[in-house]
Amino acid sequence: MRYALPVVLALVFALVGCNALQTDQDRVENSLLNHPFFKSLGATSGGNRQPPTSPCDGDTTWPLGGWRSVHDPDVSYQISVQHPYATVDFHADWPCTLYVIYTDIPDTAIRDTVVKPAPEFHGTISFEFEFTGDSWELEAISPCPATFDSALGMMAIDSVEVSVRRGGRSVPYPTLHGPGLLPLDPYAYTFQPGDSVTLRLWETHAPAVEFPWTYLHGPPGHDYSPFNYDQSQGYWYGTWTINPAPQSDEARWVWFEVLDVGSALIRKTGPDRSVLWGLPYIVE
C-alpha cells in the first residue's frame, strides 16, 4: 500500500469502528497507523542550517547559509502475519529542496538564493507486532536509515554511540550499528527530561566528498549543540539536552545527518547529497 502520510492519518478514523469485521492484517495495520512512532515519522527538520564555510581558492561566491524544506513522506508498506507475530516492512520517501544563500566576492552586498532540487530521500523501517490478549501490540522497531539517490556509494553512517549524563554519572546506551530491530519492553532509548545526551557518530565517505558535516535534527524545544570532529579518534561528537516535552512528544524520532557540504559550496543547481539515520526514542 502507498499513501501520503496525512492521508494515512485520516484513514485511521475510518478503521476504528470496524474491529468486528477486520482480519489480523487489518488489525495490525490499524495498530500501526495509530502508534505514535508511526504518526510522528513526518516530523523531520525543515530548517537545517549549513555549517560556516569559507571561500575556496578561485571562488567568486561565498555561501552564507541555507535551509532544507522537507515535505511529508509518502509511505508504502507490506504486512506479514504469522500468528501470534506480525512484521510491517515499509519505505518512506521524503520530497525536499535545498536553498542556499550566496554572496559575491568582493561585493558582499549582493545576495542570491539558489534552489537546489534534490531527489527524494528514501528510508526503510520495520515494525514487529505481537498478539497480546485481544490486540496487536508493537514489540520492536528499527531505526530508519535514509539516503538521497545522489549520495549512494558516496557516504554512509557506520555507527552511533549514545550515553547520558544523569545524576552526576554517565549512563551508557547501546551503540547503533545498523537497522536491526530494537525491543520496546524495555526500550533502550528511553530518556528523561533534563538528560544531557552525548552522541558520537562514525561515518565513511568517498574521496569525492571533500567536506562532510554532521547534524542532529529533532523536535523543537530541545537543545542541540553543533557537532565537532575528533581528528584523532575519527568521530563526530555533540550533545542533546532533553527538555520537558508535552505528552504528544513522548514517542518521537531524532535524525542524524551527514551532509556533503560540497553540494552547497558552488553556486549552481547541483544535487543535494546527504545520508541520515532516524532513531525512535521515548521521553518519560
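What does Arg 273 touch, not counting residues up to four places away in sequence? Phe 148, Ser 150, Ala 151, Met 154, Met 155, Val 258, Leu 259, Asp 260 and Ser 263. Contact here means heavy atoms within 4.5 Å.

A word on the model. It is predicted, so local features need pLDDT of at least 70 and side-chain atom pairs count only at pLDDT 80 or more, while totals for chains, interfaces and linings use all residues. Residues are numbered from 1 along each chain as its sequence is written, and side-chain values use heavy atoms, with hydrogens and water left out.

Back to Arg 273. This residue sits in the loop between α4 (262-265) and β20; helices (H or I, at least four residues) and strands (E, at least two) are DSSP runs, numbered from the N terminus. Arg 273 is buried, at 18% relative accessible area. Buried means under 20%, exposed over 50%, partly exposed in between (1.4 Å probe, protein chains only).

Its partner is Asp 260, in a salt bridge with the closest N and O atoms 2.6 Å apart. The term means a side-chain nitrogen of Lys or Arg within 4 Å of a carboxyl oxygen of Asp or Glu. Asp 260 lies in strand β19 (residues 251-260), 13 residues from Arg 273 in the chain. Asp 260 is buried too, at 1%.

The structure holds four salt bridges. Another one joins Asp 134 and Arg 27, at 3.8 Å. Asp 134 is in the loop between β7 (121-132) and β8 (135-141) and Arg 27 in helix α2 (residues 24-34), so the pair ties together parts 107 residues apart in sequence. Asp 134 is exposed, at 59%. Arg 27 is partly exposed, at 22%.
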